[in-house]
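Please study the sequence and the structure before reading the solutions.

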Amino acid sequence: MRRCLLDYGLICGMTIITPSVMPATFKTVAIIGKYPSIGITQSLLDIAQHLQGAGHDVVVDTDTARHIGLRGTPAMTPDEIGRHADAAIVVGGDGTMLGIARKLAPYAVPLIGINQGRLGFMTDIPLDRMMPVLADMLSGKVESEQRSLLEGSVWREGAQIFRALAFNDVVVSRGAGSGMIELCVSVDGHFMYNQRSDGLIVATPTGSTAYALSAGGPLLHPSLGGIVLVPIAPHALSNRPIVIPESSEIVIEIISGKECSVNFDMQSLAEVKLHDRIIIQRSAHTITFLHPQGWSYYDTLREKLHWNEYPSLEGRLK
């Protein structure tokens with residue numbers, strides 16, 4: 001099941017949303033939890049007991065097992081989970097999902113997100129409804145979608161010194177105590193611009209609702225095959241966000257600036273020096289999300305961005 005979804009996504013070159021009922025093939029289910037987090041131990045125990053009672057083989061991420069203290073359940077590294085699990089349940093916030101998603105991306109393990117964080121764009125199942133929702137999903141009543149990742153590398157004097165994946169974004173930024181940096185940006189070998197700013201965000205459609213959004217970037221539907229470039233506080237107001245094809249290769253050269261860095265999902269960081277080049281392109285890997293039947297991306301936006309909330313008439317008259 002996992003491989004068919006992955007191959008189809010790579011052929012189409014875009015996110016898939018599959019609303020049909022899927023066969024119940026989730027024999028081995030992994031559990032990954034955010035730690036430390038108030039109340040998460042009981043949530044993880046409840047999930048593990050529920051899954052075992054339903055006949056699933058349950059394994060737990062080693063870091064989760066070590067910090068939470070779950071006993072009697074096999075512990076596996078992310079690589080082992082990737083080789084053995086048919087699905088992974090992630091309990092936490094979007095940061096927890098970002099971290100494990102990059103590790104499991106090469107194995108195409110479908111991910112189910114239970115929100116115990118603050119926002120929950122990717123961990124979309126609320127804690128208070130997780131048991132009946134999980135029961136339906138693991139019996140095959142799911143909607144599946146695939147999302148793209150970026151891969152980036154840092155090159156210095158012709159040698160690669162750093163490489164990482166990003167699910168949300170790759171961010172090149174100035175040092176905390178320094179002024180603006182100057183970047184030379186090229187796309188597919190074509191010079192785009194020299195930009196003086198606090199930095200540049202290169203985001204996937206998934207990442208368009210994260211840092212890129214707060215910096216004034218557009219929202220990209222996950223099914224779009226695009227990459228968005230968003231300047232951070234540019235010196236020239238004419239430097240605006242732009243969406244380019246996901247097949248593009250982006251090269252960013254550091255022209256000037258002090259204590260510059262490049263980070264991947266705010267979780268992997270590399271320092272960069274003058275004339276270092278950061279090369280970014282779409283990864284060959286994808287992430288598969290599983291959602292409850294009836295899930296809608298627009299429902300998620302409306303809920304998380306409060307599009308359905310309006311100030312009261314009384315508030316407007318004050």
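**Exercise 1.** State how the residues lining the second largest pocket divide by class, and which residues lie nearest its centre.

*Solution.* Step 1: the lining of the second largest pocket divides into five nonpolar, seven polar and five charged residues. Here Ala, Val, Leu, Ile, Met, Phe, Trp, Tyr, Cys and Pro count as nonpolar, Asp, Glu, Lys and Arg as charged, and the others, Gly among them, as polar.

Step 1: this is a predicted model, in which local features need pLDDT of at least 70 and side-chain atom pairs count only at pLDDT 80 or more, while totals for chains, interfaces and linings use all residues. Residues are numbered from 1 along each chain as its sequence is written, and side-chain values use heavy atoms, with hydrogens and water left out.

Step 2: of the 17 lining residues, Asp124, Pro126, Arg129, Trp295 and Glu303 lie nearest the centre of the second largest pocket. A pocket is an open set of points on a 1 Å grid over the protein atoms alone, where a 1.4 Å probe fits, with protein on both sides within 12 Å along at least five of seven lines; lining residues have an atom within 4 Å of a point.

**Exercise 2.** Identify the element that gives the most to this lining.

*Solution.* Helix α8 gives the most to the lining of the second largest pocket, with four residues. Both β7 (125-126) and α8 (297-304) supply at least two residues each. Helices (H or I, at least four residues) and strands (E, at least two) are DSSP runs, numbered from the N terminus.

**Exercise 3.** Determine which residues of α8 are buried, and why they are on the same side of α8.

*Solution.* Step 1: Tyr297, Thr300, Leu301 and Lys304 are the buried residues of α8. They are on the same side of α8 because they cover an arc of only 95° around the axis, the arc being that of the directions from the helix axis to the C-beta atoms. Buried means under 20% relative accessible area, exposed over 50% and partly exposed in between (1.4 Å probe, protein chains only).

Step 1: on the face turned away from the buried side, α8 carries the exposed residues Tyr298 and Glu303.

**Exercise 4.** Describe the surroundings of threonine 300.

*Solution.* Step 1: threonine 300 counts as buried because its relative accessibility is 8%.

Step 1: leaving aside neighbours within four places in sequence, threonine 300 is in contact (heavy atoms within 4.5 Å) with Phe121, Trp295 and Leu305.

Step 2: threonine 300 and glycine 120 are 180 residues apart in sequence, and 8.9 Å apart in space, C-alpha to C-alpha.
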